[in-house]
Amino acid sequence: MPILKRARPLLGTFVEIQLETTDRAQADRAFDAAFLAIEAVAKHMSFHSPMSDVSRLNAQAHLRPVRIHPDTWHVLQKACELAASSNGLFNIAIAPRLIRWGYLPDPFGRGKTEAVGQSADIRFLAGHRIRFRRPLHIDVGGIAKGFAVDQAVTALQAQGIRRGSVNAGGDLRVFGRREPLWIRHPRAPRRCTYLGDIHDQAAATSATYYSRRRRQGRIVTPLIGPRGARVMAGQSITVIAKTCMMADALTKVAALAGAAAEPLLKRYDARVYCVS
Amino acid sequence: MPRWNRLWASVALSAPIPYVAQAQTYLTEEQAQQAIFPGVTLEQAFRRLDRNERKTIEKDARDRFLSDEIKRWRGPHGETLYVDRVIGKHEFITYAVGLTAAGEVKAIEIMDYRETYGHEIRRAAWRDTFKGKTVRDPVRIEKDIPNISGATLSSVHVTNGVHRLLLTHDWLHAHP
């Protein structure tokens, strides 16, 4: 069956959708539905857009409960569940440090003074409302990108597409077919390496080859662990999991914890590759 | 540095790999028109801008025109389609953007991209990956791109291009 491909600039990167069908009308409907699903996630969870759920939470949730979209609620619940099961290694409340290092903008001018918060400071209330126990800066960029991929796959399947894939800037998910998985070599990112085949699985890769910066004479990366531990440059971690949301979230934990992440990865039915 | 045991898969860098320039085509011009304005007959309405006109528009833009020709099509109800090209970090990207009659973005579709060769790269840091290669070295165009996991590039260059096209759209409206 012919493989049809389309790509659009979304989520700050390029989202490529592939699907197999002989029905062009079905293909058009499926592409539109899947890209719409991606746009919906971007609208609700973007750190950069002032009207997104995330921005409204960061601005007000420490003052009063803020009602959010059920999708955002779902992502936050998963994020907090993973924060608990990873003993805080996964933490969506580290935005203040990312702001200080120039990886995120500083919409409320708080970045320089704000302390890093904990996922445990997020309270879930009835009616999809969230309250923060204290001022927090949350950023769900990675996990939301994975969730967007999952939503797009669901949309494709709802349109009757049986085989395809969605790739949002390297967070990808393949369904209905077996596909070779390649990653960029961490020290020569214009070259690729074959890792293995995936089938009805998602993959995400955390690496620092495009996001390293120099700050006060040292290399910093946006992968931050507890006590500010910085992940070494020059390596990349790929997690294969059932959903792209979990694959993305688990790359952060795997990057920080190394072999100690094994039990957690097993629990989520995921596996990891480290390339250096 | 975290330690790994049997989950470790280590890959050596030293294997000699010919440089492969990746290229991908998603849509032709006609397919892009059909994707963005299905069932609509568009009429070609290209315009050429001279240097001063381009510079006027570029004053408020975040990037520059790569060509003096504006590829534009118009529909019967005020729709407009532009096809434009930008340079990303190290690739040329052709894309189409459709505007509604009100001049708002209806859709953006990537039409194709091609990674640049060593001598086309603007940023010195990236030229290092081509050390030892010259224009005469074999370059293979890889059209069968596998699914790659791992950060790809920012779409900022395309969105900057769209921003420039919106300015161009307004300018063309004022200077028919």
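A residue counts as buried here when its relative accessible area is under 20%. By that cut-off, buried residues make up 59% of the 276 residues in chain A. The structure is a predicted model, and the confidence of the prediction is therefore described before the fold.

## Confidence

For the complex, the predictor gives an ipTM of 0.83 and a pTM of 0.85. Chain A averages a pLDDT of 86, with 82% of the residues scoring at least 70. Within chain A, confidence is highest in strand β3 (residues 66-67), at a mean of 98, and lowest in strand β12 (residues 218-220), at 55.

Chain B has a mean pLDDT of 79, and 67% of its residues reach 70 or more. Over residues 1-18 of chain B the pLDDT stays under 50, and the model has 37 contacts beyond four places in sequence for this stretch. The pLDDT is also below 50 over residues 121-139 of chain B, a stretch with 28 contacts in the model beyond near neighbours in sequence.

## Chain A overall

Chain A contains seven helices and 14 strands. Of its contacts with a separation of 6 or more, 62% are between residues 24 or more positions apart. The accessible surface of chain A is about 11,200 Å², and carbon and sulfur atoms account for 50% of that surface.

## The seven-strand sheet of chain A

Seven strands of chain A form an open sheet in the order β1-β2-β6-β7-β10-β13-β14, with antiparallel pairing. Its edge strands are β1 (3-10) and β14 (271-275) of chain A, each of which pairs on one side only. On average, neighbouring strands of this sheet are turned by 15° against each other, direction ignored.

One of the pairs in this order is β10 (residues 202-207) with β13 (residues 236-241) of chain A, which run antiparallel and are joined by six bridges. Within this pair, A:Ala203 has A:Ile240 in β13(A) as its bridge partner. Helix α1 (residues 24-45) of chain A packs on the sheet, where it touches β1, β2 (13-20) and β6 (164-168) of chain A. The direction of α1(A) makes about 30° with that of β1(A).

## The three-strand sheet of chain A

A further open sheet in chain A has three strands in the order β3-β5-β4, again with antiparallel pairing. Strands β3 and β4 (122-125) of chain A stand at the edges with a single partner strand each, so one side of each is left without a neighbour in the sheet. Four bridges join β4(A) to β5 (residues 129-132) of chain A in the antiparallel sense. In this pairing A:Phe124 stands opposite A:Ile130 in β5(A).

Helix α3 (residues 70-85) of chain A packs on this sheet and touches β4 and β5 of chain A, its direction making about 130° with that of β4(A). The buried residues of α3(A) include A:Trp73, A:Val75, A:Leu76, A:Cys80 and A:Leu82. Just after α3(A), A:Asn87 takes a positive phi of about 55°.

## Helix lengths in chain A

Both helices in the table have a span close to the expected value, taken at 1.5 Å a residue.

| Helix | Residues in helix | Span, first to last C-alpha | Expected span |
|---|---|---|---|
| α3(A) | 16 residues | 23 Å | 22 Å |
| α6(A) | 14 residues | 20 Å | 20 Å |

Helix α6 of chain A covers residues 244-257. This helix is mostly covered, with 12 of its 14 residues buried. Among the buried residues of α6(A) are A:Cys244, A:Met245, A:Met246, A:Asp248, A:Leu250 and A:Val253. Just after α6(A), A:Gly258 takes a positive phi of about 60°.

## Local features of chain B

In chain B, strands β6 (residues 91-99) and β7 (residues 105-115) pair in the antiparallel sense over nine bridges. B:Thr94 has B:Asp112 in β7(B) as its bridge partner. The hairpin of β6(B) and β7(B) has five residues between the strands, and B:Gly103 in this hairpin takes a positive phi near 85°.

B:Gln33 lies in helix α1 (residues 29-36) of chain B. Its relative accessible area is 14%, so B:Gln33 is buried. Leaving out residues up to four places away in sequence, B:Gln33 touches B:Pro38, B:Leu42, B:Trp73 and B:Leu81.

Notes:
Residues are numbered from 1 along each chain as its sequence is written. Chains are lettered from A and ligands numbered from 1 in the order in which they are written. This is a predicted model: local features need pLDDT of at least 70, side-chain atom pairs count only at pLDDT 80 or more; totals for chains, interfaces and linings use all residues. Side-chain values use heavy atoms; hydrogens and water are left out. Helices (H or I, at least four residues) and strands (E, at least two) are DSSP runs, numbered from the N terminus. Buried means under 20% relative accessible area, exposed over 50%, partly exposed in between (1.4 Å probe, protein chains only). Contact means heavy atoms within 4.5 Å. Accessible areas come from the Shrake-Rupley method with a 1.4 Å probe; for residues, only the protein chains shown count as cover. pLDDT is the predictor's confidence in each residue, from 0 to 100. The expected span of a helix is 1.5 Å times one less than its number of residues. Two strands pair if DSSP finds at least two bridges between them. Axes are lines fitted to C-alpha atoms, for helices over the stretch in contact, and angles run from 0 to 180 degrees between N-to-C directions.
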